[in-house]
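Open the model in your viewer and keep the selection tool ready. This tour goes stop by stop.

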Amino acid sequence: MTAAAPHATVEAAAPALAQLRAVADELGYGQLYGALAGGALFPADHAEALRAAHAFGGAAGATLRLLALGDRVALAGLDERLASLGEALAAVGLAALDTAAGALRLVDLVAVPVLGGLLLTGTPPTFSTYEPSGGRAYLGEDSLRLARALPRVHGRHVLDLGSGCGVQGVLAAAGGATSVVCTDLEPRSVELSALNAVLNGHGTVEVRGGDAYAPVAGRRFDLVVTLPPYLPEPPGAPDAVVAAGPDGLGLLRRIVAGAADHLRPGGELVAFAQLLCDDAGPLLARELPGLAPTLTPRLVAFDQHPIEPFARELARFTAPGDPDGIATALLDGFDDLGVTGVCSAYLRLLLPASGQGARSVGSPGASAQPRRST
Ligand SMILES: C[S@@+](CC[C@H](N)C(=O)[O-])C[C@H]1O[C@@H](n2cnc3c(N)ncnc32)[C@H](O)[C@@H]1O
């Protein structure tokens, strides 16, 4: 494991992570979580889920409250395996043990059993325990969308750029990738990507901190996978890490432009994003030939929606204090760009094997126009 910033932390945490995995298996955490979340990534209603976990009672209820819901659990009467796990996690800073109050909780974390593994991620914003901490080690429904659309990873060198909690990198390692590198700008994401690699038994995953391709300068991969921050930033948005810019393309544009220098012949970049569209389709489509002239693009756009409800929802989410003012500013900016809608999109950029030329966006096999889902 190479982990630029948190190397010592990850090495020290390995025994506690092994214990977490063992306790989760022993207590059937995957099934319990499925029952609590009803098949969703996170329980939709935190208060309701807490009530349900209390109703479970015993070790099952305590496990769900501690690991799934970020709740404080009393040490008195706590299942011995959970108490011992709590101590081990507290010793490496992943849990807080309040001996005076006789209680234990994870530190801004939840554990999500998903895609055949177990992933630590920041407390979701929908939970009452959520405290914005500047970094979340992201995991979302869009992460799963991208994960389920990953091309072959077996035998390939894979880069997970903007790895969040490391979901794509962990999945690639589990799928038999020859090597995996996870990179992220945000320190908490770097730390949790490294922890999750070890938690899932993939200690050879390399984790590096830094901007875009900077941590892998001069290196090439068969597959670059990325779920960049894509939500357009409202004017004056405070979150420097997001850096998606007013059209949501800030980081994705740079990732696309740098792809040719980081792909091996026959390699590909795959991304999922929501994209702003005008009447001709996603704004990104017309930029692709200029951004990546040597790569063959495949842009499959679907699920298009009108822009105004999207802008209002985005404003409500990012600026609850003044949603109407922010929505108006967003819509003015979108108007200047000719934006009429927003769609979901999978982007693939292929670097032809030596000797083959790149095709244009509009050529056979490439789909640059939005496709509405049925
Ligand atoms: C939407 S999350 C995706 C996380 C994960 N790959 C997934 O599939 O869920 C985007 C990630 O990009 C990271 N990020 C933002 N700006 C970045 C930059 N300039 N360079 C590298 N990573 C960046 C964020 O910290 C965040 O972890």
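Select Asp98 and Ala103: Asp98 stands opposite Ala103 in β4. Strands here are DSSP E runs of at least two residues, helices are H or I runs of at least four, and both are numbered from the N terminus. This is a predicted model, in which local features need pLDDT of at least 70, side-chain atom pairs count only at pLDDT 80 or more, and totals for chains, interfaces and linings use all residues. Residues are numbered from 1 along each chain as its sequence is written.

Now show β3 (residues 95-98) with β4; 4 bridges join the two, and they run antiparallel. They form a hairpin with 4 residues between the strands. In its turn, pick Gly102, with a positive phi of about 65°.

Ala74 stands opposite Ala103 in β4. Two strands count as paired if DSSP finds at least two bridges between them. With these 3 strands selected you see an open antiparallel sheet in the order β2-β4-β3. β2 and β3 are at the edges, each with a single partner strand, so one side of each has no neighbour in the sheet.

**Two positive phi values**

Go to Asp108, in the loop between β4 and β5 (110-114). Its phi is near 50°, a positive value in a residue other than glycine. Is Asp108 buried or exposed? Asp108 is buried, with 20 other C-beta atoms within 10 Å. The cut-offs: buried means 20 or more other C-beta atoms within 10 Å of a residue's own, exposed means 12 or fewer, partly exposed is in between, and C-beta atoms are placed from the backbone.

Next, select Ala137, in the loop between β6 (117-121) and α6. Phi of Ala137 is also positive, near 50°. Ala137 is buried, with 27 other C-beta atoms within 10 Å.

**The ligand shell**

How many residues surround the ligand? There are 23, and the closest are Ser143, Gly162, Gly164, Glu186 and Leu227. α6 (141-148) and α7 (167-174) each supply at least two residues of this shell. Colour the shell by class: 12 nonpolar, 7 polar and 4 charged. Here Ala, Val, Leu, Ile, Met, Phe, Trp, Tyr, Cys and Pro count as nonpolar, Asp, Glu, Lys and Arg as charged, and the others, Gly among them, as polar.

**The core**

Show the largest nonpolar core, with 113 residues. Such a core is a set of buried Ala, Val, Leu, Ile, Met, Phe, Trp, Tyr and Cys residues joined through C-beta atoms within 7 Å. Those with the most contacts inside it include Leu20, Leu195 and Val224. Strand β11 (residues 263-278) gives the largest share, 9 residues. Domain 1 (2-107) and domain 2 (141-350) both contribute, so the core lies between them; these bounds come from an automatic or database domain assignment.

Centre on Leu195. Beyond its neighbours within four places in sequence, it is in contact with Val10, Ala13, Leu17 and Leu120. Contact means C-beta atoms, placed from the backbone, within 7 Å.

**Last stop**

Finish at Leu159, in strand β7 (residues 157-161). Leu159 is buried, with 30 other C-beta atoms within 10 Å. Outside four places in sequence, its contacts are Val181, Val216, Phe221, Val224 and His262. Thr183 is 24 residues from Leu159 in sequence and 7.7 Å away, C-alpha to C-alpha.

Note on methods:
Near = placed C-beta within 6 Å. Contact = placed C-beta atoms within 7 Å.
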